[in-house]
Amino acid sequence: MSQFIDILRQHLTDFRRRYAHQITPEIQDAIHAMLSCRCNTARVSCWDCQTCEQQLEFPLSCGHRSCPQCQHGTTCDWLSKQQAKLLPVNYFMVTFTLPFELRAIAKSQPEPFYHAMFTVAAGVLKDFAARSPKLSGDIGFTGVLHTHSRRRDYHPHLHFIIPAGSYHSGKRQWRKCKTHYLFNAFNLAKVWRARLLAYLSDTLQLNLPHQSHSKWVVDCQFVGKGAPALQYLSRYLYRGVLPDSSICRHVDNQVSFTYQDSQTRCQQVRSLPAVEFLWLILQHVLPKGLRRVRDYGLLRGNAKTLRQQIQLMLAVAGAAFPVLPEVKRALAVRYCPCCHLEMHFMGVHVRHRPTDASIIA
């Protein structure tokens, strides 16, 4: 199985030559982090074999959020925190998609543009909830930014998972949405289009293209309980754009990877020249400090007490809370090369001697 970092190392010179004017500082930082991941780092993890007294040092992971080798622990932490917020109600997933005509502007100014997408989409959801006869109260939702399609083309969109209900602060009541219908997707799309174009033009003062789709796409789906939706989002959050397990072939400067077709749900294979493949993946590196996951309303961080009150109300009303498996970090395990027994972790220290090439391998 080929690894993305191996392909990057092998074709880096050609990649830099071809995309010299498109490589941002964030992409350059990501490349540097991935090439130094688990090799040649200043700090190392130290391990001791208590049987044969063998001592070894291992370089640390880079921890960059675009690195396919890292962030498993971050994924577990996020999923654990989100599961603690789950309510024993049904959930909806609303997806706001950016039309093709605006993607070039988004790519050229990602930080303000992505912030605009979050701000406008969150405002649309709050206003629709406030005016809905079924809700007419405060709702909570979690938004996640994805910048790629299943084929890994540049395709910015926002996923929001929303508990089916609202809280009335005056009456101190939870109002449950009893149907599989939340909002009209066509109406959401119309308001999303009008407000985002106005925000981009008036607030950010961007020059927008004269031609744009008259109809924008917003999808609003009933997804049942919230745990599966969180699992779905967690798979794409902190593990890079393309996992190494999806790269199936790297021969003669051609790279092939598998993906699931969104229409047929069947596995497909896409092949590209190696340099184009690298750009396909690296173009999705996010601006430094950009929060790609944001909580709103009842799910925001400082609403913990209110959430607990709602959970208590629902429990008293007889709602059954789902039994969720505990999310645990996978502990690192090293085995002694001499006796093959499990080694003992001694901590992380500053490197005091050169790393042996055999250890890195």
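## Aromatic contacts in close-up

The structure, a predicted model, holds 14 aromatic pairs.

**View 1. The aromatic pair of Phe96 and Phe160.** Because Phe96 belongs to strand β3 (residues 91-97) and Phe160 to strand β5 (residues 154-163), the pair ties together parts that are 64 residues apart in sequence. Phe96 is buried, its relative accessible area being 0%, and Phe160 is likewise buried, with a relative accessible area of 0%.

**View 2. The aromatic pair of Phe141 and Phe160.** The ring centres of Phe141 and Phe160 are 5.6 Å apart and the planes stand at 75 degrees, so this pair counts as edge-to-face, the criterion being an angle over 60 degrees. Distant parts of the chain are linked here, since Phe141 lies in strand β4 (residues 140-148) and Phe160 in strand β5, 19 residues apart. Phe141 and Phe160 are both buried.

**View 3. The aromatic cluster that includes Phe96, Phe141 and Phe160.**

**View 4. The charged end of Lys107 over the ring of Tyr154.** In this view the charged end of Lys107 sits over the Tyr154 ring, at 4.7 Å from the ring centre.

**View 5. The charged end of Arg334 over the ring of Phe58.** Here the ring belongs to Phe58, and the charged end of Arg334 sits over it, 3.9 Å from its centre.

Technical notes
Residues are numbered from 1 along each chain as its sequence is written. This is a predicted model: local features need pLDDT of at least 70, side-chain atom pairs count only at pLDDT 80 or more; totals for chains, interfaces and linings use all residues. Side-chain values use heavy atoms; hydrogens and water are left out. Rings of Phe, Tyr and Trp (its six-membered ring) pair if their centres lie within 6.5 Å; planes under 30 degrees apart count as stacked, over 60 as edge-to-face and the rest as tilted. Helices (H or I, at least four residues) and strands (E, at least two) are DSSP runs, numbered from the N terminus. Buried means under 20% relative accessible area, exposed over 50%, partly exposed in between (1.4 Å probe, protein chains only). A charge sits over a ring if NZ of Lys or CZ of Arg is within 6 Å of the ring centre and within 35 degrees of the ring normal.
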